[in-house]
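Here's a quick walk through the model you have open. Keep it on screen and click along as you read.

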Amino acid sequence: MTHERKSETAGPQRHLSGRELDRFNESVLPYLDAAHNLARYLLRDAHDAEDAVQDAFLRAIRHFDGFRGVDGRAWLLSIVRNICFTRLRGRPSTGENVEFDEAIHTVEEEAPGPEVDLERQAATESVWEGLDRLAVEFREVLVLRELEGLSYKEIAHVSGVPIGTVMSRLARARKQLLLALSPSGPKEKR
Amino acid sequence: MQCEEVLERLSAFLDDEIDPVESREIQRHLDRCPSCTEALGRMKGVAARLRAEAPYYRASDSLRARVSQAAWSDASGGLTTSRRTGATPRGWLAAAATVVVVVGGTWLFTAVQSQKSFGSMEREVVSSHIRSLMASHLMDVASTDQHTVKPWFNGKLDFSPPVTDLSTSGYPLLGGRLDYLRGRPVAALVYQRRKHLINVFTWPDEAGADSEASPRTQQGYHVIHETHGGMAYWIVSDLNPEELSAFSRLLVTGVAKGQAR
């Protein structure tokens with residue numbers, strides 16, 4: 001098992017054997033589109049997303065001997081997601097790199113929270129704009145569930161959180177997206 | 001169960017990620033609670049809109065080439081960039097398990113070792129599938145209407161491929177194109193499931209007895225081969241094997257219905 005290195009371009013090369021390359025081509029490479037799509041939604045920048053995916057693949061190649069499972073998609077996406085979150089944290093403050101706090105981001109309606117901001121804004125027309133307004137963790141869970149069709153267990157693996165967290169996060173994310181897309185921004189009634 | 005508990009679990013209920021006992025309780029509640037049923041409908045609606053309208057950002061050809069080249073050159077001995085693009089040094093070509101040919105932005109690869117472990121037909125259809133996604137030559141005829149797609153093949157093939165619309169089952173037809181497999185022109189039909197594309201290659205196989213096979217994996221793509229009514233079908237996608245199997249059953253029954261009519 002190799003360990004994470006700081007930079008993907010530093011350190012001694014570790015080469016894939018022919019057999020490993022076959023396995024890599026079969027179990028990881030087909031998820032390039034999924035990797036890119038996730039990075040694009042997390043980073044919201046075409047150039048950054050390509051960079052992140054390339055980094056992720058270099059890391060995946062380097063650490064391929066640590067890949068034991070059969071689920072190459074979840075394995076690759078977890079690498080992509082970690083690289084993207086590291087990049088987001090390194091970005092100049094835009095309000096986005098505020099630590100995601102499940103407790104804050106899942107406050108109920110009576111407390112001022114993200115929903116209030118959403119309601120104040122005019123309802124958006126497009127799904128893309130709606131997604132764009134959500135916290136990055138909510139975008140992540142929606143992309144993994146709705147666009148990739150991952151199970152809660154797989155999402156938990158990718159995001160490194162318990163399944164219960166996936167469940168509550170996805171419920172909140174859907175509710176917020178619903179609010180963002182509602183024509184006159186009607187408050188979700190419980 | 002009270003409305004509040006039900007609403008809390010609706011999202012997981014929608015995804016069928018809730019234990020069966022709770023799921024039945026929720027269903028019972030929904031049967032008699034219009035407001036929770038409405039909330040479920042709204043949630044389904046937003047999920048459907050997301051799947052239908054959110055753009056899916058596929059990797060560019062250049063990123064794909066860079067990434068596959070990185071894996072390949074890593075396997076062939078850590079080539080430097082200049083050597084990789086320069087003239088082919090003799091030594092490592094023999095050592096490399098994989099040969100990548102970069103031709104004007106498109107690339108093909110043949111995993112030499114895979115040839116031993118997989119049927120050559122699987123390999124061929126997967127290569128065709130990958131090429132169709134990369135070379136912006138997915139469709140010669142882009143239409144969701146089976147009555148447009150089917151006649152398009154007239155005169156281009158010496159057979160008439162069965163074309164079935166499965167959009168009501170969640171696998172819309174996108175179109176078709178001519179492809180070339182095993183030294184003969186074949187029909188390729190393109191379907192979609194969420195953001196996943198499915199290629200169906202079909203041609204007459206009079207000798208083949210009706211058969212169906214479970215999905216096999218080739219380079220991470222799932223491949224199903226079926227023979228029905230004298231036609232061979234090769235179905236390829238990166239869609240999960242369960243949904244791809246469901247698709248292949250729908251396709252075959254759809255074809256059978258079409259012929260009975």
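## Chain B at a glance

Of the 261 residues in chain B, 33% are buried. This is a predicted model, and chain B comes out with 10 helices and 10 strands. If you take the contacts in chain B with a separation of 6 or more, 52% of them link residues 24 or more positions apart.

The average pLDDT for chain B is 78, and 79% of the residues score at least 70. The stretch to watch is residues 77-118 of chain B, where the pLDDT is below 50. That stretch still has 55 contacts in the model beyond near neighbours in sequence. Where pLDDT is low, the predicted coordinates should not be read in detail. For the model as a whole, the scores are ipTM 0.78 and pTM 0.57.

## A covered strand and its two partners

Now zoom in on β10 of chain B, residues 231-237. Is this strand mostly covered or mostly open? Mostly covered: 6 of its 7 residues are buried.

β10(B) pairs with β6(B) (residues 196-204), running antiparallel and joined by 7 bridges. Along that pairing, Asn199(B) sits opposite Val236(B). β10(B) is also antiparallel to β9(B) (residues 221-228), again over 7 bridges, and here His225(B) has Trp234(B) as its bridge partner. β9(B) and β10(B) make a hairpin with 2 residues between them, and Gly229(B) in the turn has a positive phi of about 55°.

## Two nonpolar cores

The largest nonpolar core has 72 residues. Among those with the most contacts inside it are Ala35(A), Val53(A), Leu76(A), Val80(A) and Leu177(A). The biggest share of this core comes from α10(A), which gives 10 residues.

There's also a second, separate core of 32 residues, which includes Val125(B), Tyr171(B), Trp234(B) and Val252(B).

## Where the chains meet

Between the chains, 44 residues of chain A are in contact with 45 residues of chain B. On the chain A side, the elements giving two or more residues are α1 (18-27), α2 (32-43), α3 (46-62), α7 (127-132), α8 (136-147) and α10 (163-181). The top contributor is α1(A), with 8 residues. By type, the chain A side splits into 23 nonpolar, 12 polar and 9 charged residues.

How values were computed: Residues numbered from 1 in each chain as written. Chains lettered and ligands numbered in written order. Predicted model: local features only at pLDDT ≥ 70, side-chain atom pairs only at ≥ 80, totals over all residues. Contact = placed C-beta atoms within 7 Å. Helix = DSSP H or I, 4+ residues; strand = E, 2+ residues; numbered from the N terminus. Nonpolar A, V, L, I, M, F, W, Y, C, P; charged D, E, K, R; others polar. Core = buried A, V, L, I, M, F, W, Y, C linked by C-beta atoms within 7 Å. Buried ≥ 20, exposed ≤ 12 C-beta atoms within 10 Å, placed from the backbone. pLDDT = per-residue confidence, 0-100. Pairing = 2+ DSSP bridges.
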